[in-house]
Protein chains: 2
Amino acid sequence: LVKRQVTRLVTPGTVVEPNLLDSKQNNFLLSLYLTEDSCGLAFADISTSEFGCTQLDINGLEAEINRLNPAEIILPKSQSLNLPLHLKATISKLDGYYFEADVARERLLKHFECQNLSAYGCENLPLAVSAAGALLNYLEETQKSSLKQLERLAAYTISDYMQIDSHTLSNLEIFRSSGGNSLKGSLLGVLDQTKTAMGGRLLRKFLGQPLLRQEDIEKRLSAVDYFFEESLARASLAKALGQIADMERIANRIRQKTILPKELISLKNSLETVSAIHRQFGLMPPPRLAYFLNGLKPLPEMLDIVNEAINDDPPSTLGEGKVIRSGFNPEMDKLCSLAGDARTFLSQMEAREREQTGIKSLKLGYNRVFGYYIEVSNANLADIPQNYIRKQTLVNAERFITPELKEYENLILNAKERLLEMETGLYEQVLNQLGGFYSALLSNAAALASLDVLSAFAEVAVRNGYVRPLFHSENSLVIHRGRHPMVEQGLGYGSFAANDISLSAEDCQIIILTGPNMAGKSTYLKQTALIVLMAQIGSYVPAETAELCLTDRIFSRIGAREDLSAGQSTFMVEMVETASILNTATSRSLLILDEIGRGTSTYDGLAIAQAVVEYIHSQPSLHAKTLFATHYHELVELANYLPRVKNYNIAVSEDRGEVVFLHRIVPGGVDKSYGIHVAKLAGLPGWVIKRAYEVLTELENPAKKEPKIRNCQPQLLLPLTEQTSALAE
Amino acid sequence: LVKRQVTRLVTPGTVVEPNLLDSKQNNFLLSLYLTEDSCGLAFADISTSEFGCTQLDINGLEAEINRLNPAEIILPKSQSLNLPLHLKATISKLDGYYFEADVARERLLKHFECQNLSAYGCENLPLAVSAAGALLNYLEETQKSSLKQLERLAAYTISDYMQIDSHTLSNLEIFRSSGGNSLKGSLLGVLDQTKTAMGGRLLRKFLGQPLLRQEDIEKRLSAVDYFFEESLARASLAKALGQIADMERIANRIRQKTILPKELISLKNSLETVSAIHRQFGLMPPPRLAYFLNGLKPLPEMLDIVNEAINDDPPSTLGEGKVIRSGFNPEMDKLCSLAGDARTFLSQMEAREREQTGIKSLKLGYNRVFGYYIEVSNANLADIPQNYIRKQTLVNAERFITPELKEYENLILNAKERLLEMETGLYEQVLNQLGGFYSALLSNAAALASLDVLSAFAEVAVRNGYVRPLFHSENSLVIHRGRHPMVEQGLGYGSFAANDISLSAEDCQIIILTGPNMAGKSTYLKQTALIVLMAQIGSYVPAETAELCLTDRIFSRIGAREDLSAGQSTFMVEMVETASILNTATSRSLLILDEIGRGTSTYDGLAIAQAVVEYIHSQPSLHAKTLFATHYHELVELANYLPRVKNYNIAVSEDRGEVVFLHRIVPGGVDKSYGIHVAKLAGLPGWVIKRAYEVLTELENPAKKEPKIRNCQPQLLLPLTEQTSALAE
């Protein structure tokens, strides 16, 4: 009997035989790990090496299964799944053990031979890790062979928005400038010409969630377009918006009954302004604004309520009878006039008593303990009438009351207490009525916020000379005379050197950018990313023309950070971020890579940088448009054999030792970096500069290559005293 | 007639002729620019090329002139100076124009051929710049020749404390960890075992101002020594300090009369604890603590005042008569009992009236408008006595008063009003008395703060196995088995790999540290600086032994920052910081330089790094002890011709492809950086890693050196689908 060993199990999700597969469609094996409301999902197609995972809301699961259309689904034994009828996937149940967090994680770490999963973007997606780990295990058990071809696990998210990780947000200075950590110098700082609190918040949201559907973007751009052209409309809207209070906040304070009377007046003013804005734009909505004007509905009934019930300049507290407008409630009015009469009576009483008693120093007073009293100085005590009742003795005077005084006092006090009760009641009643307009108020607030942001975009565009970006269906970015929105503003309009860029998946996928320090490489990289981002939030962009494709993610690897306490060196952080980019970017992504590899030794760094460029260029599922700035001038050679790699550099003019950075991007590579020139400008001692040039000359001179450093022994510095005395002799 | 040109003017401050000069003493030319309370000072000795400037308080000027003992002083015409008698400097007056801020600044910029003065540390010292610029001008006019030898302007400050710039504070994570920006992981986080708020604040002050006088440091160290040995005393002090309130804050709140009664009780408890601490340590002060116990003086009189005047558990507001202790003021006591009696009477009245009227539902109540009332339900109205006076009608009941009720009500209200007045008055009186102890209280607070910090140092030292640093007079740092205090804590005690270091101005001035990424170069650099700093604040240090000299400044150039909006690239920032270090460090400074030059191209960076090392080594006025970590393995050659440069590296064991970082510093240089190994650990795709190794091999193989990259054309990646189907066939 020949012992036959099982060499491979074929399951519907692990077929690789071409004749069994539809070539136009992936044959996905899906792995699911469900909890009450979320789901970890991983898929792989071993015929194409695609391997991805995500974590999503249970409600989005069906759509995602539909989209992937798997041939086979694996699940833990204990879980079950109701599949949509039209799907014909086989369901295979596995032992729950393989989905356990630790087991699955270990499985993945071992497969990828790495220390943590952050490079794969799923360090914080435990459910996705469970699903992916179990899937890997299943494949191994069925394939009985190495799965080396699955060398990339792409964690993705299902979203309507462009993904931007937090490093990129901070590298691009979207919300905060990196220097001062302040709004000034950030993209938000440039764009925030909003007039209302709601608009300001919405702008932040826009910036954090650039859109992915062209239709949605064009809606915003058209509105910006309108305001861009109609400068009078823009100005009058801006003026009106300046009158609008924070209606979202007011709506909530009405609901919580914590709103102050004064705030109702600002609500009233805002509602009047809403009507005015609606009269201007809403009656015959300009087509380009129509979508955003939908929610704008004047609320005259609400306005009337406030108008009728609340005084125009109410005090901030209830109980004085000055919040509720007179005429709103007859009983309340009566109370007010009663208290008013009593006060008038008392104010006249002092004069009357003086006259009647003939005591000129007689005074009417009030304190908290005795209430109202009549004070008579000791000299005049003989003249007081019979009906005065002694209440308190002071050093120089006595205080009296009369039954009449106490009667009116009681009226006043009574009225006061009831006024407070009544006014509080009426105010609450008004708030209840106003509360009915909660949703309507929010919908107006939302409409105003949109108009605010979009007209602010137009304002910024006019002031800074931005243009409307065009979206095309080719996978390319073509920007003519683009500028960096923040740097431009820092320098003053017109003095920024604009530059073109043309990236295309077809022929110019990767730009290798060389050039001296300080010449503006980072600026160029960042402005490209900023223009793409601005376009996808619906803003005009700082350029003369911009024809763009939709970008699904912007990745950046810029600058150095260190996380020593987490045990990660600068270089480790750099590599983890790079790995994460290589593992998750798509052909629709934009990659901004600045000096990859500089954290390690020269040759290591160069080797890694070169391999990374080759990978981005040639890995078919990656193929992202990439700007790659580098100091490794050796990399310009790559353009010789990678067809979609192009070299650019930043032009420098050198005139008798005077180096001038022209801040102009031109084709071709360079072989000079002017590092020592920068060091000189920075104020390094002259000796150091001179010596550095000497060393450089010897390094660059191939004739002396062999003995290199050993030979260029410096003249040891003379102690400076000797030099000088030699000079003096 | 032969026209004779003046070639040089000799003034007392510009003599360079050796026979006219005292060789053991500088011949300084001093330049002063005075304002009302400050002074800009610059000095130069053209015979030694020393050129320095500072800005100081006018009161410190005489001492500084004394110290420099100049031969000549220049001043603006409009200013004058009273010199100490024993000085024999000539005073020369110059036109004020040369001292004008812009003129002087331009003069310096031109001389140093740089763009701003931050590299010289005087960008923000306008008076110093005025003095230095005018001095330079004067020299030029007198010397009639180039002053190229003055190539370094050292801005210095006159201070009792070690200078640490803000980058270094943040690089060394003194107050905040760089990762989380939190206390945890910072040096403060490790050292802060203080028990009191004052101690916590003092510790921060210590950390920001390390001492420069050995005498002062030893005082602190001796106290730490005492607490280190006397663990019982340390524990009992810690327990006692735990009872101490924020006495500094309390002292100020007493003065401002904003202190709450409750806080006086915590003051009382603190004062009792002060007495207890004083009994333990102050009566027979241990010699090692004596200095810090000086200010500790129990304040029994203050304690008595609080004790007598304030109740033990006072409410937070005055006016209820519960703050002032009964017995403190007879009138107050009378008032309290009066109000108390009336309350008792009223509480008994309800029962009495029920009994007398036979109405069981009769209730005594109180509201703000009517005060006390008797409420009788409608059903029982027939039974009410004659003396009830109707006051208010409710739906189901009526409310009455009686003259007796109102009489007692009046008593209560009266008493309340007077209680508030009286208690407020008494409280203020108590605060006035306590205010007299303001300085005494602060002096106790200061003493406690010192004891707190120093015993905390001992606690930390015991817990973590620190030792007392020894200071010697040689210019060297010799640390045996030093550790990084924060990283050690992160890893857990015992698992950190300790390392030795020996830096000395005489023979091992500069250590070139090479070694792979992730192996711990930064940790090693930082721990050295941290140990030096800890020693100079008077703390024990994480090492087995540490013999140190006093360090006047710690400089660090670590990591990369970018200030794009200020127009400074990463590399520019790096160079400005490096320049500032080279221009201001002294032979007593410690320099921590991490990868100088990496922000530019390979050769430029290497050339700059090499020139910087040579300069630190050979510039006699610099000569600072330096740790220089680098990825330029080429720099290990420097040790061959610079006698005080030594090579060290971080040991790595490589066993069949398994790389293990041993975190051990060993002599010698390395030529391998393991960058690709780290990249692999970080999760870079396998293809990239494999390809990087290929590229590296070709770069390192001299045989193929000429054609280098061009020849190593990669096999373009097969689309993975093809690879797999090939596999499947």
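**Helix packing in a predicted model**

Biologist: Where do helices α9 and α10 of chain A run relative to each other, and at what angle do they cross?

Modeller: In this predicted model, the axes of helix α9 (residues 247–255) of chain A and helix α10 (residues 261–282) of chain A come within 11 Å, and they cross at roughly 130°.

Biologist: Switching to chain B, how do α9(B) and α15(B) lie, roughly parallel or roughly antiparallel?

Modeller: Helix α9 (residues 247–255) of chain B and helix α15 (residues 438–464) of chain B have axes that come within 8 Å and cross at roughly 165°, and α9(B) and α15(B) are therefore roughly antiparallel to each other. The crossing in which α9(B) passes α15(B) is left-handed.

Biologist: And which residues make the contact between α9(B) and α15(B)?

Modeller: From α9(B) come Met247(B), Glu248(B), Ala251(B), Asn252(B) and Arg255(B), while α15(B) contributes Tyr438(B), Leu441(B), Leu442(B), Asn444(B), Ala445(B) and Leu448(B). The contact of α9(B) with α15(B) has seven nonpolar, two polar and two charged residues.

Biologist: Let's pick out one residue, Lys268(B): is it buried or exposed?

Modeller: Lys268(B), which lies in helix α10 (residues 261–282) of chain B, is buried, because its relative accessible area is 6% and buried means under 20%.

Biologist: What does the side chain of Lys268(B) make a polar contact with?

Modeller: Its partner is the side chain of Asn307(B), at 3.2 Å. Leaving aside residues up to four places away in sequence, Lys268(B) touches Leu303(B), Val306(B), Asn307(B), Asp312(B) and Arg325(B).

Biologist: Stepping back, how many helices and strands has chain A?

Modeller: Chain A has 23 helices and 21 strands, and buried residues make up 54% of its 729 residues. Among contacts in chain A between residues at least 6 apart in sequence, 68% join residues at least 24 apart.

Notes: Residues numbered from 1 in each chain as written. Chains lettered and ligands numbered in written order. Predicted model: local features only at pLDDT ≥ 70, side-chain atom pairs only at ≥ 80, totals over all residues. Heavy atoms only, no water. Helix = DSSP H or I, 4+ residues; strand = E, 2+ residues; numbered from the N terminus. Buried < 20%, exposed > 50% of the residue type's maximum accessible area, 1.4 Å probe, protein only. Polar contact = N/O pair within 3.5 Å; in protein donor to acceptor, adjacent residues only side chain to side chain. Contact = heavy atoms within 4.5 Å. Axes fitted to C-alpha atoms, helices over the stretch in contact; angles between N-to-C directions. Parallel < 35°, antiparallel > 145°, perpendicular 65-115°, else oblique. Left-handed = near helix turned anticlockwise from the far one by under 90°. Nonpolar A, V, L, I, M, F, W, Y, C, P; charged D, E, K, R; others polar.
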